[in-house]
Amino acid sequence: MGKKHKDGKKHKKKKDQTEYTLVDFSPALTQAARSMRTVLSRNLLESGLYAGQDGVITSLAESDGMTAGGLAQKLGVKAPTMTRTIGRMEAQGFLERKPDAEDARLTKVYLTELGRGSVQAIELAASSCDKLATLDFSEKEIRNLVRLLKAIDANLQAEAMHVDEDEED
């Protein structure tokens, strides 16, 4: 699918013929991730959510009643960052903290009605961002891209776990 030009005819987007090497990889991936996050944040603004808050809501939508530490670990952030995020989101009305029913020493985080209601807005914002990011990609290219990104993440996660184990010794 190409864009229509002034003459009304569709023109295919020219393929990038640049010869990229491994040294181009990290900057390209980092910039693509930043651009994706910027567009997603812009799409979420209408729902009152800020960058990073969507992950908290979607995590709780999957498993409501998590601890702050559990959320931090799942989302790959430090516990103090998650505690501040939860406080902010609680003040916005998306979340509430309650003592655990079985262990009152634990505090768990739950979605409020507003939080549950924002799940669809997050899904729509993400879907819109995904479509924009993969404009003119074939289904096969999208499948390959997702497969490669998951492999990259697995490689980096394995290294992070290895480094964490070395620090404990």
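This is a predicted model: local features need pLDDT of at least 70, side-chain atom pairs count only at pLDDT 80 or more; totals for chains, interfaces and linings use all residues.

Student: How many helices and strands are in the chain, and in what order do the elements run?

Tutor: The chain contains 6 helices and 5 strands. Read from the N terminus, the order of elements is β-β-α-α-β-α-α-β-β-α-α.

Student: What percentage of the residues counts as buried?

Tutor: A residue counts as buried when its relative accessible area is under 20%. By that criterion, 20% of the 169 residues of the chain are buried. The accessible area of the chain is about 12700 Å², and 56% of it is supplied by carbon and sulfur atoms.

Student: What share of the contacts joins residues 24 or more positions apart?

Tutor: Among contacts in the chain with a separation of 6 or more, 48% are between residues 24 or more positions apart.

Student: Please turn to charged side chains. How many salt bridges does a search of the whole structure find?

Tutor: The general idea is that side chains of opposite charge can pair when their charged atoms come close. In this structure the search finds 8 salt bridges. One of them joins Lys74 and Glu62, whose closest N and O atoms are 2.8 Å apart.

Student: Which side chain meets that of Arg97 in a salt bridge?

Tutor: The partner of Arg97 is Glu90, with an N to O distance of 2.9 Å. Arg97 is partly exposed, at a relative accessible area of 35%, and Glu90 is also partly exposed, at 30%.

Student: With which residue does Lys98 form a salt bridge, and over the face of which residue does Lys98 lie?

Tutor: Lys98 takes part in two kinds of feature. Its salt bridge is with Glu96, where the closest N and O atoms are 3.6 Å apart. Lys98 also lies over the face of Tyr110, 5.2 Å from the ring centre. The relative accessibility of Lys98 is 37%, so this residue counts as partly exposed. Glu96 is likewise partly exposed, with a relative accessible area of 31%.

Student: Which residues are linked in a network of salt bridges?

Tutor: The network links Asp64, Glu113 and Arg116.

Student: How many aromatic pairs does a search of the whole structure find?

Tutor: For aromatic rings, the criterion is that the ring centres lie within 6.5 Å. The search of the whole structure finds 0 such pairs.

Student: Which residues form a nonpolar patch on the surface?

Tutor: The patch is formed by Leu22, Phe25, Leu29, Phe137, Leu145 and Leu149, which together have about 530 Å² of accessible area. Two elements, α1 (22-44) and α6 (139-168), each give two or more residues to the patch. The largest share, 3 residues, comes from α1.

Student: Where do Leu29 and Leu149 lie, and how far apart are their C-alpha atoms?

Tutor: Leu29 is in helix α1, whereas Leu149 is in helix α6. Their C-alpha atoms are separated by 9.6 Å, although the two residues are 120 residues apart along the chain. Leu29 is partly exposed, with a relative accessible area of 30%; Leu149 is partly exposed as well, at 36%.

Student: Is Ser59 buried or exposed, and which residues does Ser59 touch?

Tutor: Ser59, in helix α2, has a relative accessible area of 4% and is therefore buried. Leaving aside residues up to four places away in sequence, Ser59 touches Met66, Leu71, Lys74 and Leu75. One of these, Lys74, is the residue that forms a salt bridge with Glu62.

Student: Finally, where is Arg84 found, and how far is Arg84 from Ala68 in space?

Tutor: Arg84 is in helix α4 (residues 79-92). Arg84 and Ala68 are 9.9 Å apart, C-alpha to C-alpha, with a sequence separation of 16 residues. At 49% relative accessibility, Arg84 counts as partly exposed.

Notes:
Residues are numbered from 1 along each chain as its sequence is written. Side-chain values use heavy atoms; hydrogens and water are left out. Patches are made of residues with over 30% relative accessible area and no salt bridge: like charges are joined within 9 Å, nonpolar side chains (Val, Leu, Ile, Met, Phe, Trp, Tyr) within 5 Å. Accessible areas come from the Shrake-Rupley method with a 1.4 Å probe; for residues, only the protein chains shown count as cover. A salt bridge is a side-chain nitrogen of Lys or Arg within 4 Å of a carboxyl oxygen of Asp or Glu. Helices (H or I, at least four residues) and strands (E, at least two) are DSSP runs, numbered from the N terminus. Buried means under 20% relative accessible area, exposed over 50%, partly exposed in between (1.4 Å probe, protein chains only). Rings of Phe, Tyr and Trp (its six-membered ring) pair if their centres lie within 6.5 Å; planes under 30 degrees apart count as stacked, over 60 as edge-to-face and the rest as tilted. A charge sits over a ring if NZ of Lys or CZ of Arg is within 6 Å of the ring centre and within 35 degrees of the ring normal. Contact means heavy atoms within 4.5 Å.
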